[in-house]
Amino acid sequence: MTTSSLLLLVADGRFPAGAHAHSGGLEAAVAAGRVTDLATLEAFLAGRLATAGLVGAAFAAAAHRAVTSGSAVRGSTLALLDAELDARTAAPALRTVSRRQGRALLRAGRAIWPEASFDDLPATPGGAHQPLVLGLLCAAAGLSRAETATVAVHGTVTGAASAAVRLLGLDPYRVQALLVGLAGRCDGIAAAAARAADDPPERPAAAAAPLADIHAEAHATWEVRLFAS
Amino acid sequence: MRAYARLVARADGRGGTVLAELRGETPLLLRQTPGRGRAVTVYVVGGAAGPLAGDDLRLEIDVGPGAAVRLHTVAASVALPGRPGVVSRMVVRAVVRDGGALHWLPEQLVAAAGCAHLAESRVEVAAGARLTWRDEVICGRYGEAPGSAVVHTRVDYDGRPLLRQSLAVGPGAPGWAGPAVLGGAPATGSLLVVDPSLPHESATVEGTVARLPLAGGPATLWTATAADAHTLRAHLEGEPLLTEV
């Protein structure tokens, strides 16, 4: 199988890691009345891309770099990346979600690539953060660092966009057209994230989004919700 | 304009704090004022308008073991445009040593139309030391759209990463006003409290204010958005949290 087919398989929302259960903060934004239509969805996705999208992709790329560089200190590098990502995730609800998604992705990764070095991940309570697992999984699939960042960014926008179709009853063709319109921006964010992986771990993007934290903590208190986050 | 200021505080051995060094230059002048408790109180007195694009302001703070410092600014700082393509920069480096306490409670940063401003803070807090750190951004003066401003805050506790956040507003930050970031609120900010003596609390959210316990140390971050500067300050007052300083 060629690398491009692997790229499509790993980026596919049907990859069995439970991505469909998450709305990337959209469900809470809809409930708060802040996302109501295509225009506000577009603004939401633009903000997600520049914040969580960039940070997640930068850390996926950095984890990919740590394992593909063959470094003897990859375990300690991954542990440091995990702590750095914690420091960029102020909301406990978002830390929990990221680690839960990391566990789900790790189950898939271990089953599909049993020979891969997932044991280098830090033994953090709750599991490693999702971007770190994604970086290792993409490396196991033979994807490049740039492709790894692209997969991460792709997941940021497609998860929220498909949730928007379900939550707001938006026309799926118009939502897809919106994603097509954002593709160039996604590529730009992915390229920036891949470059950031060469920086020391304390340097890469730390883009904050106050409403993402506020929405996530509000959402975590709901008794009934369609999406896990 | 370039300016460098430095503050070094040490415990005086009698339960109080002395300033071993206090120097500044326009527009970054430091003035000690009569304080209360064991902390010294210092105000940053803006000696000129701004910061203007091209300004490069640096402040270093060193709080020694057992010393306590409260730092305020006398007025909001209004980031203003200058020559095209040039940024203004305010860099704060702070170290709080064992048993020390630093309370950085400045007035708000206003990102005026056309500004290009970078505020960059880096704080190292020793195990057992305390920190209160407030960042507030007002997006534009009354009725105006802001220029580009980035507030980057990096705090380590006991040599480990505690908080990394970079809030970007204005034309250089896609989606900043949208429903994923500020939702149209013109005022936003955060208040970080590091205090090993505080009991562990769970996260709470009320309206657009959240209390967020951090992972990397005995610390809580309050984060908020608000319709105006006054409401934001009410969310991030900080003063009631300061005990015995």
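Where is the place of B:D158 in chain B? In this predicted model, B:D158 sits in the loop between β13 and β14 of chain B. What draws the eye here is the backbone: B:D158 has a positive phi of about 55°, although it is not a glycine. Most residues other than glycine have a negative phi, and most peptide bonds are trans. With that in mind, let us visit another spot in chain B. A cis peptide bond, with omega about 5°, joins B:T26 and B:P27. You will find B:P27 in the loop that runs between β2 (17-23) and β3 (29-33) of chain B.

Now turn to chain A and its helices. Start with α3 (residues 38-68) and α6 (residues 130-140) of chain A, which pack at an angle of about 50° with their axes 7 Å apart. Because of that angle, α3(A) counts as oblique to α6(A). Their crossing is right-handed. On the α3(A) side, the residues that meet α6(A) include A:G56, A:F59, A:A60 and A:H64, while α6(A) brings, among others, A:P131, A:L132, A:G135 and A:C138. Sorted by class, this contact has 10 nonpolar, four polar and no charged residues.

Helix α7 (residues 145-168) of chain A and helix α8 (residues 172-196) of chain A pack at an angle of about 150°, and their axes are 9 Å apart. The angle is over 145 degrees, so α7(A) and α8(A) are roughly antiparallel to each other. Here too the crossing is right-handed. Among the residues making the contact are A:R145, A:A149, A:V153 and A:V157 of α7(A), together with A:P172, A:V175, A:L179 and A:I189 of α8(A). By class, the contact of α7(A) with α8(A) has 14 nonpolar, two polar and one charged residues.

Of the 14 residues that line the largest cavity, A:A208, B:Q165, B:L167, B:G189 and B:S190 are the closest to its centre. Which elements each supply at least two residues of this lining? They are α9 (210-220) of chain A and, from chain B, β12 (130-139), β13 (148-157), β14 (160-169) and β15 (187-194). The largest share, three residues, comes from β15(B). By class, the lining of the largest cavity divides into six nonpolar, six polar and two charged residues.

Note on methods: Residues numbered from 1 in each chain as written. Chains lettered and ligands numbered in written order. Predicted model: local features only at pLDDT ≥ 70, side-chain atom pairs only at ≥ 80, totals over all residues. Heavy atoms only, no water. 1 Å grid on protein atoms, 1.4 Å probe; cavity = no way out; pocket = protein on both sides within 12 Å on 5 of 7 lines; lining within 4 Å. Helix = DSSP H or I, 4+ residues; strand = E, 2+ residues; numbered from the N terminus. Nonpolar A, V, L, I, M, F, W, Y, C, P; charged D, E, K, R; others polar. Axes fitted to C-alpha atoms, helices over the stretch in contact; angles between N-to-C directions. Parallel < 35°, antiparallel > 145°, perpendicular 65-115°, else oblique. Left-handed = near helix turned anticlockwise from the far one by under 90°. Contact = heavy atoms within 4.5 Å.
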